[in-house]
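The tour below goes from one selection to the next and says what is found at each stop.

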Amino acid sequence: MNSLERSLVQKAGYDHGWEVVVEDRPEQVVLASALHHARARIQSALPSSRWLLTVTPRPIHRELERAEPSFYLTGEYFRANNEAELGRLLEQGARLARTLPDEPCHRFEKALAEQLSASNVTTSATEVDRLVRQRVGQNIYRESLMDYWSGACAVTGISIPELLRASHAKPWADCVTDTERLNVYNGFLLCAQLDALFDRRLMTFNEAGEALFSPFIDDDIRKKLGLQGRQKLRWITPEHQAFLAWHREAFVCATK
């Protein structure tokens, strides 16, 4: 890449979540961010002027391949034919980088320390810690699910933030660690009526991501809720399965 091409790559990074230039050489530009720990390496795809993009760590690469299959080339590479395509890939990669693999937990630990140090609440230290921990954690969890699902319901695709809820498959109180509580695979971004059903174990998802409804939610109720026909997750990954298995077991118990 010549200096102009590298400048275009750097600008695309600045505009789409990669504001730190780690490396700037003729053969490649490597971008990073203060908001996550991922790396994006951009190379020129000679003899054309197209760019090849590689993102690390591996979980982000895998999810980017799922989210943007038309840009996936082979092996570790994604191809961008112009600046708009490069910007799209970088923006999607940055969203995923803020959610994987443990970024929500890192943000949580930092925000929690800041909140507790600034807290002037007069109740017991244990109670302050619990309340602040839950509030901060739930905010970060919602932000992470918004990034992971690109701001749209995991089932319907509705993208009005006020109508979306961050639903846990395995509830906050039942999780053993903060990493488990904040894991983006431990739940889904759902519109309000689906969230209410999912949260109260009146609906769950099978291994293929298809919605299963409690016998208490008959066809008439589903019609009134606007849930006629098959309801299915827009995608599902192997990492979702353990959390969904927990939720299905709770669903079965709730229907007895």
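Begin with Thr-99. Leaving out residues up to four places away in sequence, Thr-99 touches Pro-104, Ser-144, Asp-147, Tyr-148 and Val-184. Keep in mind that this is a predicted model. Thr-99 sits in the loop between α3 and α4, the latter covering 103-118. Is Thr-99 buried or exposed? Thr-99 is buried, because its relative accessible area is 1%, and under 20% counts as buried. Now show the side chain of Thr-99: it reaches the backbone oxygen of Leu-96 at 2.9 Å.

Next, select helix α3, residues 83-97. Its 15 residues, at 1.5 Å a residue, should span 21 Å, and the C-alpha atoms at its ends are 20 Å apart, which agrees. Look at the start of α3, where a side-chain oxygen of Asn-82 comes to within 3.2 Å of the backbone nitrogen of Ala-84. Then colour the buried residues of α3; among them are Leu-86, Leu-89, Leu-90, Gln-92 and Leu-96.

Apart from neighbours within four places in sequence, Leu-53 is in contact with residues including Ala-40, Ile-42, Leu-64, Phe-78, Leu-89 and Leu-90.

Now go to Gly-151, in the loop between α5 (125-148) and β7 (164-168). Gly-151 is buried, with a relative accessible area of 14%. Draw a distance from the C-alpha atom of Gly-151 to that of Pro-161: the two are 10 residues apart along the chain and separated by 7.0 Å. Setting aside neighbours within four places in sequence, Gly-151 is in contact with Met-146, Ile-158, Ser-159, Leu-164 and Leu-189.

For the last stop, select Cys-153 and Cys-191. Cys-153 counts as buried at 0% relative accessibility, and Cys-191 counts as buried at 2%. A disulfide is a covalent bond between the sulfur atoms of two cysteines. How many disulfides does the structure hold? It holds zero.

How values were computed
Residues are numbered from 1 along each chain as its sequence is written. This is a predicted model: local features need pLDDT of at least 70, side-chain atom pairs count only at pLDDT 80 or more; totals for chains, interfaces and linings use all residues. Side-chain values use heavy atoms; hydrogens and water are left out. Helices (H or I, at least four residues) and strands (E, at least two) are DSSP runs, numbered from the N terminus. The expected span of a helix is 1.5 Å times one less than its number of residues. Buried means under 20% relative accessible area, exposed over 50%, partly exposed in between (1.4 Å probe, protein chains only). A polar contact is a pair of N or O atoms within 3.5 Å; within protein, one must be able to donate a hydrogen and the other to accept it, and residues adjacent in sequence count only if both atoms are side-chain atoms. Contact means heavy atoms within 4.5 Å. A disulfide is a pair of cysteine sulfur atoms within 2.5 Å.
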